[in-house]
Amino acid sequence: MRRTWLAGVPLVGLILAGCSGSGGTPSGESHRTTVSASGTPSASPTAAGTGWNAWTANYSAAEGRCEATAHQVVCRTGSGGLVGRSRSTGEVTWTVPPAGRGKDADLVVDSATERAVTSSGKTLRAANLRTGKAAWTRPLTDGSAFPVVIRVADGTVYVLETPTAGTKVITLVAFRASDGTSLWHHSVAADPYGDMAVFGGRVYTTDGTEVTARDARTGNTVATSPQGVECDYLITGGHYLVCTGSPYSAEDTFPPLQRLDPDTLRPLKTAEDTGDKPERGVISSDGVLVLYEANAEDSSTGSWNAYDLVHPKRLWSYDDTTEEGELAGDRFLTFTPRNDAAVRDRVVSIDLRAGPKGTGDAAPHLSPRYSQARGGEYPRLAVPGGDPDHVVVQAGTHRSLRSIPLP
């Protein structure tokens with residue numbers, strides 16, 4: 001039987017804490033229904049305003065993953081198209097039509113450069129977040145056998161593209177975010193499934209056996225990891241760089257969790273992980289890694305585990321059934337376990353250091369129940385930047401977005 005860490009906290013207290021201040025029915029389902037500009041029913045907020053409000057809105061079958069900034073929600077559509085929505089109402093405020101056919105990359109939204117960037121096939125596209133206009137379109141160097149990996153930092157867009165299936169020699173390209181000017185490109189030894197990290201003026205890639213750091217301005221190599229460091233996948237946050245096993249691995253054993261010095265790429269003392277399959281992780285600015293680790297034989301079950309990277313130790317664990325989780329300030333957000341009838345269909349907010357057994361101000365907070373948070377909706381979270389007071393729940397099955405107060 002799987003453990004439920006909320007069992008260590010009085011559930012009645014948790015539910016009351018999660019529902020306090022909601023100002024509505026505990027179900028969280030009270031709203032008015034209107035028709036959006038696209039002609040589909042959507043729920044409008046009961047109060048208008050220029051900031052974030054509570055609302056629900058349907059999204060079309062063409063739309064995929066959505067992200068949130070401090071001012072809006074941006075969703076990717078097929079073939080490189082984009083849709084922008086109001087943070088106050090969820091209504092569509094602008095659209096960028098699809099560019100053509102091809103595999104879509106992840107959507108990257110960067111408030112600093114006012115750009116949303118995605119790709120489709122052999123085309124990289126950027127839209128202006130403020131105006132909703134296509135900012136620029138650029139051909140990729142060789143096309144790509146895989147969806148490309150995109151990152152934006154310090155006014156530059158970095159792209160990893162793989163022209164041929166089965167090769168580890170891929171192209172790393174840098175473009176100026178404002179106008180798409182090509183700044184540099186290099187052929188590099190890397191694994192497109194190993195991800196890419198950009199921070200502190202450096203670009204980090206891995207081919208599974210070696211991590212390489214490059215100067216973000218030139219692409220020139222400035223450091224490589226020593227022999228013996230296994231690094232299938234990179235996780236970063238703040239100024240921390242961590243290697244884990246690959247979430248795409250079909251193996252039963254995985255390389256141990258390993259923190260690297262971002263300057264020298266030498267291994268640093270790191271807490272011992274659980275040995276389960278690492279699926280996804282986020283790192284806070286003060287060095288807490290929250291990592292979803294799944295059973296290698298049954299990836300439908302797993303736990304979020306928190307590790308202190310500065311004083312290496314495991315802080316806490318939270319049994320869950322989803323790898324969807326995000327950071328919001330000094331708290332971690334995820335969905336409650338779907339197999340726990342007392343708390344399911346909610347968003348839970350957990351203090352990064354106290355964990356699910358925290359008390360007082362550090363106690364977990366639960367949202368009301370939301371239909372969008374049900375396990376069968378395959379929900380995910382989109383968290384605005386900064387110190388948000390609302391987050392967006394994206395339901396995949398019935399294609400609904402819901403802006404909710406931060407638990």
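## Disulfides

C66 is joined to C75 by a disulfide, with an S to S distance of 2.0 Å, where a disulfide is taken to be a pair of cysteine sulfur atoms within 2.5 Å. The model is a predicted one, in which local features need pLDDT of at least 70 and side-chain atom pairs count only at pLDDT 80 or more, while totals for chains, interfaces and linings use all residues. Residues are numbered from 1 along each chain as its sequence is written, and side-chain values use heavy atoms, with hydrogens and water left out. The torsion about the S-S bond of C66 and C75 is about 105 degrees, so this disulfide is right-handed. C66 is buried at a relative accessible area of 1%, and C75 is buried at 0%; buried here means under 20% relative accessible area, exposed means over 50%, and partly exposed lies in between, for a 1.4 Å probe and protein chains only.

A disulfide also links C231 and C243, whose sulfur atoms lie 2.1 Å apart, and because the torsion about their S-S bond is about -85 degrees, this disulfide is left-handed. The pair links distant parts of the chain, since C231 lies in the loop between β19 (221–224) and β20 (233–237) and C243 in strand β21 (residues 240–244), 12 residues apart. Strands and helices are DSSP runs numbered from the N terminus, with at least two residues (E) for a strand and at least four (H or I) for a helix. C231 is buried, with a relative accessible area of 0%, and C243 is likewise buried at 0%. The count comes to two disulfides, and with bonded cysteines counted along the chain they follow the pattern 1-2, 3-4.

Strand β25, which spans residues 288–294, is mostly covered, as seven of its seven residues are buried. V288, V290, Y292 and A294 point one way from the strand, whereas L289, L291 and E293 point the other way, and all of them are buried.

On one side of the pairing, strand β24 (residues 277–283) runs antiparallel to β25 and is joined to it by six bridges, two strands being paired if DSSP finds at least two bridges between them. Within this pairing K277 stands opposite A294 of β25. The two strands form a hairpin with four residues between them, and G287 in the turn has a positive phi of about 90 degrees. Strand β26 (residues 302–308) also pairs with β25 in the antiparallel sense, over seven bridges, and in β26 the bridge partner of Y292 is W304.

## Salt bridges

What does the count of salt bridges come to? It comes to 11 salt bridges, each being a side-chain nitrogen of Lys or Arg within 4 Å of a carboxyl oxygen of Asp or Glu. One of them joins R280 to E326, with the closest N and O atoms 2.7 Å apart. This pair links distant parts of the chain, R280 lying in strand β24 and E326 in strand β28 (residues 325–328), 46 residues apart. E326 is buried, at 16% relative accessibility.

E114 forms a salt bridge with R130, their closest N and O atoms being 3.4 Å apart. E114 is partly exposed at 32% relative accessibility, while R130 is exposed at 60%. D215 and R217 meet through their side chains in a salt bridge of 3.3 Å, N to O; D215 is buried at 17%, whereas R217 is exposed at 71%.

## Aromatic pairs

A search of the whole structure finds seven aromatic pairs. The rings of Y158 and W184 have their centres 6.2 Å apart and their planes at 50 degrees, so this pair is tilted. Rings of Phe, Tyr and Trp (its six-membered ring) pair if their centres lie within 6.5 Å, and planes under 30 degrees apart count as stacked, over 60 as edge-to-face and the rest as tilted. Y158 is buried at 3% relative accessibility, and W184 is buried at 8%.

Ring pairs also link Y292, W304, W316 and F332 into a cluster.
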